[in-house]
Amino acid sequence: MTNPITNFEFAPMPHIHFGWGIRHQLIKTLAKQRHTSVVLITGKTIAHPGEFGDELYQKLKLTGLVKHFIISGEPSPDIVDEVVQQCDSDTDIVLGLGGGSVLDAAKAIAGLIPSQTSVMDYLEGVGAGKPFHVETCPFIAIPTTAGTGSETTKNAVLSRIGEFKKSFRDNKLLAKEAWLDPELLTTCPKEVLYSTGMDAFTQLLESYTTLKPNPMTDALAWKGMILFKGAFEDINSSDKKRQQNGYSNLMLAASLSGTTLANAGLGAVHGLAGPIGAFFEAPHGIVCARLLAPITQENILSLQKDTSEHAKLTLKKYQQVSQLFNSELNDEALLPGLVKTLQQYAQQYTPQGLAEFGLTQENISVVIKNCRSGSMLGNSVTLSDHQLRQSIENSL
């Protein structure tokens, strides 16, 4: 007899278009719709002449007014408000083309253009706490990295370095459509591809082992981890078909991770990554990759001391993930084997320690002090300040 299924909800999803080279179909679709007022948000690189961002911009100009804004680095509330003020309130549609930061910015901008209100009215924890009862602009997401899964989530993460990193979150912010073209990943620098890919895998593993999973998130997270396994190796292969397969698997795994985190939450890795990103200029993917092994180890150690059914189930899930990556291990070796696998991924694909971004044993306290809300609340077990501090020190 299986355990009864507890009540759960599943958030809405964008209309997803997936396929190698499908971005060209997007251009044809937009041309037929003939939008007269468009806002295009891109990263810097993708907007260069000859890149898809420039091609998209030139095509859109043929049918109407296009305002193009470039987002560099993690977006702040000030940048979002500044762009919103330069946009017409009757804008037809907002397109976001870029990595997670670009999509988060575009998502927030689309949400605020019609009302011309400030994102600080709604930002969780640090905003005015106003209800988001305003009209929004349709938003289309086109990711160029495989990491945050922002294209399938309802939240936009905004930050002010030294102060906060918080979410603007509402179902109305969800993308109307997400166009997933794995071929766009081929222009992504390998170090960015690795760090963002490790963020996606962290989201899959955390949402699989969180406090509140459900059958749908479990199924999607498990599929996402299957897709992730071997993707980096395929991408680095000399075989063109393997490369294409690797990029495709990584792109879909990342989008699935956005869906699972939106519905099951995350855990202690992201609980720490939030304040680390707020107080240090550390790339989010690298932070997640370096913390994943030590946090997983602390989770396992604490769960082994817990006799609850939830603890037993979560340990079994960790064993299943380990078996996925280490089919040759016996049952007793699976849990330490998982930690070892995560350590190997971090060492091979994100070799930078967090000390490179200014973290030291002496300044960790500000992170510990500000990590107990948000994602930390979804962790499978409550970790002590000592365990969290030790995990960060092991990531330096």
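Is Cys288 buried or exposed? Cys288 counts as buried, with 0% relative accessibility (buried means under 20% relative accessible area, exposed over 50%, partly exposed in between, using a 1.4 Å probe and protein chains only). Keep in mind that this is a predicted model, where local features need pLDDT of at least 70, side-chain atom pairs count only at pLDDT 80 or more, and totals for chains, interfaces and linings use all residues. Residues are numbered from 1 along each chain as its sequence is written, and side-chain values use heavy atoms, leaving out hydrogens and water.

**The sheet**

- Six strands form an open sheet in the order E1-E8-E5-E4-E2-E3, with parallel pairing (strands, at least two residues of E, and helices, at least four of H or I, are DSSP runs numbered from the N terminus; two strands pair if DSSP finds at least two bridges between them).
- E1 and E3 (65-70) are the edge strands, each pairing on one side only.
- On average, neighbouring strands here are turned by 15° against each other, direction ignored (axes are lines fitted to C-alpha atoms, and angles run from 0 to 180 degrees between N-to-C directions).
- Elsewhere in the sheet, E2 (residues 37-42) and E4 (residues 93-98) run parallel and are joined by five bridges, and Ile41 has Gly96 as its bridge partner in E4.

**A look at strand E8**

- In a regular strand the side chains alternate between the two faces of the sheet.
- In E8 (residues 177-180), Glu177 and Trp179 point one way, Ala178 and Leu180 point the other way, and all are buried.
- E1 (residues 15-18) runs parallel to E8 and is joined to it by four bridges, with Ile16 opposite Ala178.
- E5 (residues 139-143) also runs parallel to E8, with two bridges between them, and Glu177 is the bridge partner of Ile140.

**Cysteines**

- The disulfide count comes to zero (a disulfide is a pair of cysteine sulfur atoms within 2.5 Å).
- Cys188 is in no disulfide, and its nearest cysteine sulfur, that of Cys288, is 16 Å away.
- Cys188 counts as buried, at 10% relative accessibility.
- Cys288 is in no disulfide either, and the nearest cysteine sulfur to it, that of Cys371, is 14 Å away.

- Ile5, Phe8 and Met216 make a nonpolar surface patch of about 290 Å² (patch residues have over 30% relative accessible area and no salt bridge, with nonpolar side chains joined within 5 Å and like charges within 9 Å; a salt bridge is a side-chain nitrogen of Lys or Arg within 4 Å of a carboxyl oxygen of Asp or Glu).
- Met216 sits in helix H6 (residues 215-228) and is partly exposed, with a relative accessible area of 38%.

Methods:
Areas by Shrake-Rupley, 256 points an atom, 1.4 Å probe, with all protein chains shown as cover.
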